[in-house]
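Please look over the sequence and the model shown here before reading the notes on its fold, its helices and its strands.

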Amino acid sequence: MIFLSESEERLFFFFGFFLFSFCGNIMERAEATVQILTRQYGVGLAYVTLGENGCFFGTRLHSGSISAPEGIHVIDTTGAGDIFGGSAMAQLLSLGVKTRDDLDLLTRSELQSIARFAGAAASLSTETFGGID
């Protein structure tokens, strides 16, 4: 599983000219990133978090996006990516995902639910200074 943050510099580092030449907005770049990772590089599950724009996610079989939670007053994003990843992993384990092959059994709805949960946890962590103690 791979998690990437919204940083366009990071997406450019990974996929360079191709991604920025053929994709218009950040959501299109996130979708292209997930497709490249899952279909060309064999990554089982990829999330690209997009801050206030939500998150794009996908496996080889399903993909989609979620909106960012509303009403969040961001103060500091320190640790938000770690909380997103840990929360997503906890949800995957609660669904019984133990192997890469199990990822192919997840429905789009389950993937969306995981992303919503992880996004909510990560968003809440940004409302105070520093990482959660």
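The briefing below goes from the whole chain to single elements and residues.

This is a predicted model, in which local features need pLDDT of at least 70 and side-chain atom pairs count only at pLDDT 80 or more, whereas totals for chains, interfaces and linings use all residues. Residues are numbered from 1 along each chain as its sequence is written, and side-chain values use heavy atoms, with hydrogens and water left out.

**Overall fold**

- The secondary structure consists of five helices and four strands, where helices (H or I, at least four residues) and strands (E, at least two) are DSSP runs numbered from the N terminus.
- Along the sequence these elements follow the order β-α-α-β-β-β-α-α-α.
- The chain has 133 residues, of which 39% count as buried; buried means under 20% relative accessible area, exposed means over 50%, and partly exposed lies in between, with a 1.4 Å probe and protein chains only.
- Among contacts (heavy atoms within 4.5 Å) with a separation of 6 or more, 56% come from residues 24 or more positions apart.
- The accessible surface of the chain is about 7,500 Å², and carbon and sulfur atoms hold 55% of this surface; the areas come from the Shrake-Rupley method with a 1.4 Å probe, and for residues only the protein chains shown count as cover.

**Helix 2 and its ends**

- Helix 2 covers residues 26-40, and its 15 residues reach 20 Å from the first C-alpha to the last, close to the 21 Å expected at 1.5 Å a residue, the expected span being 1.5 Å times one less than the number of residues.
- After helix 2 comes Gly42, which has a positive phi near 75 degrees.
- The buried residues of helix 2 include Ile26, Ala30, Val34 and Leu37.
- Thr33, also in helix 2, is buried with a relative accessible area of 0%, and a polar atom of the Thr33 side chain lies 2.8 Å from the backbone oxygen of Arg29.
- Thr33 and Tyr47 are 14 residues apart in sequence, and their C-alpha atoms are 9.2 Å apart in space.

- Strand 2 (residues 46-49) runs antiparallel to strand 3 and is joined to strand 3 by four bridges; two strands pair if DSSP finds at least two bridges between them.
- Thr49 has Cys55 of strand 3 as its bridge partner, and the hairpin of strand 2 and strand 3 has five residues between the strands, with Gly51 at a positive phi near 55 degrees.
- Strand 3 also pairs with strand 4 (residues 63-66) in the antiparallel sense, over four bridges, and these two strands form a hairpin with four residues between them.
- The bridge partner of Phe57 in strand 4 is Gly64.
- In a regular strand the side chains alternate between the two faces of the sheet.
- Strand 3 (residues 55-58) is covered on both faces, with Cys55 and Phe57 buried on one side and Phe56 and Gly58 buried on the other.

**Two further residues**

- Ala90 sits in helix 3 (residues 80-94) and is partly exposed, with a relative accessible area of 40%.
- Thr126, in the segment after helix 5 (108-125), is buried with a relative accessible area of 6%.
- Leaving aside neighbours within four places in sequence, the contacts of Thr126 include Ile72, Val74, Asp76 and Ala80.

How values were computed. A polar contact is a pair of N or O atoms within 3.5 Å; within protein, one must be able to donate a hydrogen and the other to accept it, and residues adjacent in sequence count only if both atoms are side-chain atoms.
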